[in-house]
Amino acid sequence: MSSIDPTTAPAVDPGMAVSTAPYAAPSPDRFSENDAALTPQTWSELRQIAARYPEARSGLLPMLHLVQSVEGRVTPEGIEACAEILGISAAEVSGVATFYTMYKRKPVGDYLVGVCTNTLCAVMGGDLIFERLKEHLDVGNDETSADGSITLEHIECNAACDYAPVMMVNWEFMDNQTPDSAVRVVDDLRSGAEVRSTRGPALCTWKQAERVLAGFPDDLADEGPSAGPASLVGLGIARANGWTAPGGEASGRTSDEPAEAATGTEGSHEADRADSEGEVERSGAELKHEDDARGTEEAQ
Ligand code: FES
């Protein structure tokens, strides 16, 4: 069981303070067979998930996330439960659970830390971050620290290259990391201090995040920033140069077909574009502010 409760952890400066608190003592029976088992409530929730879909087996992916939220991994018991509810074989469930890397067959720590080592993040420092965390936590890839708090893995591109090098904690973004900031993040997590995603809410435990992925919201989806200027720089450059998107053929409609008839969503696209343009204007001002500040720093 986790000895870290983020809901009662003291608030600190967003995620970056170095903690001097001792690490939580590992629980001796943490990964024992009796640590957690599927309860009647879990069986009921697994059935609820299956009932959400016209074809019950479409619910398998969130059902496996729910199993992980309870048992800390996909267990044989969880596989059998999913198979029984969906009326498919355990081999079919196991085939899915072993195909996707988000499903874990080994127990995961309180927090799953993934370091992007795909090309862009790697050259921007991701490889260094991963090596530093392996050394700091004394683990290899896909291994859990001795106190059971952190599971470390290297991950592929998370489509956040504009904030490289990127680290994920329970699939929440930690942008623009360095080896030192990454160590501070894991140390704060291990001490029970509150750590905030750079583009999301305060971090919860991996099991809590798995429950959200199973479709049981924690109502924190809108907490924290969800986008930033770096994602909008390309749009700003296009606007400054008068560049526009390709015409109808590129979107799959014929040139004489009205846009509204082809998609029925042109109005909402226009609204989205207006929102984005507002963001670009704001972000342009912010970028100029950042550049001015950087120039002042360099001049000093
Ligand atoms: S290469 Fe790391 S997020 Fe794309």
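D142 is partly exposed, because 13 other C-beta atoms lie within 10 Å of its own; by this count a residue is buried with 20 or more other C-beta atoms within 10 Å, exposed with 12 or fewer, and partly exposed in between, the C-beta atoms being placed from the backbone. The structure is a predicted model, in which local features need pLDDT of at least 70 and side-chain atom pairs count only at pLDDT 80 or more, while totals for chains, interfaces and linings use all residues. Residues are numbered from 1 along each chain as its sequence is written. The secondary structure of the protein comes to 11 helices and five strands, where helices (H or I, at least four residues) and strands (E, at least two) are DSSP runs numbered from the N terminus. Of the 300 residues of the protein, 30% count as buried.

- The five strands form an open sheet with mixed pairing, in the order 2-3-1-4-5; two strands pair if DSSP finds at least two bridges between them.
- Strand 2 (143–144) and strand 5 (172–174) each have a single partner strand and stand at the edges, so one side of each is left without a neighbour in the sheet.
- Strand 4 (residues 167–169) runs antiparallel to strand 5 and is joined to it by three bridges, and M167 stands opposite M174 in strand 5.
- Helix 5 (residues 119–137) lies across strand 1 (111–116), strand 3 (150–155) and strand 4, running at about 145 degrees to strand 1; axes are lines fitted to C-alpha atoms, for helices over the stretch in contact, and angles run from 0 to 180 degrees between N-to-C directions.

**Helix 3 and its surroundings**

- In helix 3 the buried residues include G78, I79, A81, C82, I85 and L86; seen down the axis of helix 3, its buried residues fall within an arc of 165 degrees, so they line one face of the helix, the arc being that of the directions from the helix axis to the C-beta atoms.
- The cover over the buried residues of helix 3 includes helix 1 (40–51), helix 2 (60–71) and helix 4.
- Helix 2 and helix 3 pack at an angle of about 145 degrees with their axes 10 Å apart, and L60, M63, L64, V67 and E71 in helix 2 meet G78, C82 and L86 in helix 3, a contact being a pair of residues whose C-beta atoms, placed from the backbone, lie within 7 Å.
- Just after helix 3, G87 takes a positive phi of about 70 degrees.
- S89 lies in the loop between helix 3 (76–86) and helix 4 (90–97), and S89 is exposed, with 11 other C-beta atoms within 10 Å.

**Helix 5 against helix 6**

- Helix 5 and helix 6 (residues 179–191) pack at an angle of about 40 degrees, with their axes 9 Å apart.
- The contact is made by L128, I129, R132, L133, H136 and L137 of helix 5 and P179, A182, V183 and V186 of helix 6.

**Backbone features in the loops**

- Most residues other than glycine have a negative phi, and most peptide bonds are trans.
- D142, in the loop between helix 5 and strand 2, has a positive phi near 65 degrees.
- N170, in the loop between strand 4 and strand 5, has a positive phi near 50 degrees, and N170 is buried, with 23 other C-beta atoms within 10 Å.
- The peptide bond from A164 to P165 is cis, with omega near 0 degrees, and P165 lies in the loop between strand 3 and strand 4.

Technical notes:
Two residues are in contact if their C-beta atoms, placed from the backbone, lie within 7 Å.
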